[in-house]
There are 2 protein chains.
Amino acid sequence: MNGKAPNTPERPRSLEARIQEHLSELPSSERKLAELILDFPGELSAYNATELAKLAGVSKAAASRLFKRLGFANFEEARRLVRDIKQWGSPIYLHERQQDSSPLPSESQSFLSDHVAALTRTFEQLDEEDIEAALHRIVEARRIWLVGFRNSYFMAAYARWQFIQFRRQVHLLPHAGETFGEHVTEFGEDDLLIAVGMRRRVPELARVMHAAHERGVPVLYLTDSLSSDKKPVATWTLSCDISSSFLFHTYVGPMGLIHYLSVQAVRLAGKSGRVRLEDIEIAHEQVRDFD
Amino acid sequence: MNGKAPNTPERPRSLEARIQEHLSELPSSERKLAELILDFPGELSAYNATELAKLAGVSKAAASRLFKRLGFANFEEARRLVRDIKQWGSPIYLHERQQDSSPLPSESQSFLSDHVAALTRTFEQLDEEDIEAALHRIVEARRIWLVGFRNSYFMAAYARWQFIQFRRQVHLLPHAGETFGEHVTEFGEDDLLIAVGMRRRVPELARVMHAAHERGVPVLYLTDSLSSDKKPVATWTLSCDISSSFLFHTYVGPMGLIHYLSVQAVRLAGKSGRVRLEDIEIAHEQVRDFD
DNA sequence: CCGGCCATGAAATTGAAATTTCAGGGCCGG
DNA sequence: CCGGCCCTGAAATTTCAATTTCATGGCCGG
């Protein structure tokens, strides 16, 4: 029994920190593994000890010993630490960050790149044909109905705000427990329904879309790219990427898309004479006046 | 038993794709788990089947069955697929899409870079101290009131949706012509008011903020960096860059900021014991209650 | 050249996670 | 109301990774 007294207060330091601390005193085979970990490219916690050992070219025993020596009860504990730090943020980062030099910068940096990635993927996968067709309808429809539940509600609200900058008759369907009946029966052939349905969707959404479809109302469906391919009936479908490596999804993708639709719709409306110059002023209003 | 003819070319579809394909025919308990996976924000392969089952609130048996049904030999195979695909970057379907659809109409490219620029500037100018302080209050406040008018309304709605994922008593003040009087008188010292005021602001906003201030309620003010410097009274101010070279402002910055606040608040709440790990389920709740 | 010390990996052992089994129970069609 | 069908989670079983043991061999001081 190696009488290694674990009198350390056992506060959670990051795995890398622990390795640095012990690096000099590690035997060769364990050090090989430790160095592998230090410049490991991917998500360490997605691998198991056996694989890591193989990658480093050492025996499983060495791996086991290494994590013990680093102060973990076992490999599983180490893996969990790595995983949770990623998901929950290092408690250290938030509290003891006076010590380390580059504390949050890098953290918020990774949020930024997460958003940028989502945006990029969203714009990459846009279907220009559907967009083109939808834009025409957005401009020409007599009335536009917008619907979105739960997390999709605010995007519908955003879209409405944008659209009323350049046209009339843009209605946001109520989202509370209220019934849609009265609105749905109002749907007319010249209308357009824009349904925002990011995960996770509720059955109501499909019902409204279906109702519109039955009445011959075209449906523009904004969804996320992970959604099922047995999509609800929709005339045009535009998907966004909302994936993020943090706890919550990111909606910068949909925001970018709606912004894009808005700008292009105004252009189109202007071209077709449906927006007169003075109407565009409305749009500019928010830009210009500083009050 | 498994009548699944394995003559399928078995090209590696992403886990998500496989789930989509089978989603409709999955029994409820397996579907619950499948939904959890589709919504899973983090690194799936860092979790084991037992943990996933627990998060989804189903038995380990269900998890085991699910992966079998999706065509994997066992859970381990699925985990490895996820891990390796991640390593390779984007999932297959993104790749295929990229090929045929024209690279990027340069026009939408410039929208993209506009958004990215706004996001970057937003994250660059974040005041970490204010954020830190605001986060604590977000976690500890008894009640949170959110207010936003016009174009700011949907951001307040988004923030509310995020915050109710991990805490109670988050209220979105009505935005219609309704009077705030009744709500404002309710403001208590333990509360927090979050005011979203992107240009162009209306006088009501300053009034509500002022009312809160008078009652000793701290105010977190989310605004845009172009706002006039005669700011309303606010305890903490966080500004975003919303400028865009197109007709409308872009709100990806505020969205990123709110996302950031949400994730960090959950982390903080977890540390202070206000959200225990198993309460992540709240966040994943949206996954579960679909029947 | 010996003898203590220690690192090492193969192999045995342990132990946790995954799978399978099984009894209970809901649902549906007859 | 019955009977088959299938889903379900608890528990038994199996599987396989992780740990421990142990024989070997290198290194160094005497």
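Student: In this predicted model, why is A:D191 called buried?

Tutor: Buried means under 20% relative accessible area, and A:D191 has 0%, so A:D191 counts as buried.

Student: What makes the contact between A:R143 and A:D191 a salt bridge?

Tutor: The closest N and O atoms of A:R143 and A:D191 are 2.9 Å apart, and the cut-off is within 4 Å. A:R143 lies in the loop between helix 8 and strand 1 of chain A, and A:D191 in the loop between helix 10 and strand 3, so the pair ties together parts that are 48 residues apart in sequence. A:R143 is also buried, because its relative accessibility is 8%.

Student: Why is A:R80 called partly exposed?

Tutor: The class covers values between the buried limit of 20% and the exposed limit of 50%; A:R80 has a relative accessible area of 35%, so the term applies.

Student: With which side chains does A:R80 meet in a salt bridge?

Tutor: A:R80 meets A:E76 at 3.4 Å, N to O, and B:E51 at 3.6 Å. B:E51 lies in helix 3 of chain B and A:R80 in helix 5 of chain A, so that pair joins two chains. A:E76 and A:R80 both lie in helix 5 of chain A, 4 residues apart.

Conventions:
Residues numbered from 1 in each chain as written. Chains lettered and ligands numbered in written order. Predicted model: local features only at pLDDT ≥ 70, side-chain atom pairs only at ≥ 80, totals over all residues. Heavy atoms only, no water. Buried < 20%, exposed > 50% of the residue type's maximum accessible area, 1.4 Å probe, protein only.
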